[in-house]
Amino acid sequence: RAQALDAFGLAAAANHDWNTAVDALTKAALIESTPRRLCLLARVHACERQWQLAEDRYNDALVLDPDCDMARVGLQQTRVKH
């Protein structure tokens, strides 16, 4: 179920339907929180210019995996943009 929500959220994000993307990816993260899933959610927040929410999700991903390059790079990009 979480993987289906990931796919749905990514499709919504590709269509710039940010609310649907956030909803689907949040539900997926509640089912199974993974660094990748949290980074995807953070990226959607960043696309919406919700910088603090993006930082929070990247930090959540780093708690799960301190070596997660996707989270470290995303966090740095987010900090540069705001």
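The buried residues of helix α1 in this predicted model pack against α2 (18-31) and α3 (35-47), where contact denotes heavy atoms within 4.5 Å. Helices are DSSP runs of H or I with at least four residues, numbered from the N terminus. Residues are numbered from 1 along each chain as its sequence is written, and side-chain values use heavy atoms, with hydrogens and water left out. Local features need pLDDT of at least 70 and side-chain atom pairs count only at pLDDT 80 or more, whereas totals for chains, interfaces and linings use all residues.

Helix α1 comprises 13 residues (2-14), which at 1.5 Å a residue should span 18 Å; the end C-alpha atoms are 18 Å apart, in agreement with that value. The expected span is 1.5 Å times one less than the number of residues in the helix. Ala2, Leu5, Asp6, Gly9, Ala12 and Ala13 of α1 are buried. These residues cover an arc of only 130 degrees around the axis, which puts them on the same side of α1; the arc is that of the directions from the helix axis to the C-beta atoms. Exposed residues Gln3, Ala4, Phe8 and Ala14 are carried by the face of α1 turned away from its buried side. Buried here means under 20% relative accessible area, exposed over 50%, and partly exposed in between, as computed with a 1.4 Å probe on protein chains only.

Asp6 lies in helix α1 and counts as buried because its relative accessibility is 6%. Apart from neighbours within four places in sequence, Asp6 is in contact with Leu25, Ala28, Arg36 and Arg37.

The axes of α1 and α2 come within 8 Å and cross at roughly 160 degrees. This angle makes α1 roughly antiparallel to α2, a label applied to angles over 145 degrees. Axes are lines fitted to C-alpha atoms, for helices over the stretch in contact, and angles run from 0 to 180 degrees between N-to-C directions. The crossing of α1 and α2 is left-handed, the near helix being turned anticlockwise from the far one by less than a right angle. On the α1 side, Ala2, Leu5, Asp6, Phe8, Gly9, Ala12 and Ala13 meet Trp18, Thr20, Ala21, Ala24, Leu25, Lys27, Ala28 and Ile31 in α2.

Most residues other than glycine have a negative phi. Arg49 lies in the loop between α3 and α4 and is exposed at a relative accessible area of 63%.

The 14 residues of α4 should span 20 Å at 1.5 Å a residue, which agrees with the 20 Å between its end C-alpha atoms. Trp51, Ala54, Glu55, Arg57, Tyr58, Ala61 and Leu62 are the buried residues of α4. They cover an arc of only 165 degrees around the axis, which puts them on the same side of α4. Their cover includes α3 and α5.

Helix α5 (residues 69-81) has 13 residues and reaches 18 Å from its first C-alpha to its last, close to the expected 18 Å. Ala71, Gly74, Leu75 and Thr78 are the buried residues of α5. They cover an arc of only 105 degrees around the axis, which puts them on the same side of α5. The buried residues of α5 pack against α3 and α4 (51-64).

Terms used: Helix = DSSP H or I, 4+ residues; strand = E, 2+ residues; numbered from the N terminus. Parallel < 35°, antiparallel > 145°, perpendicular 65-115°, else oblique.
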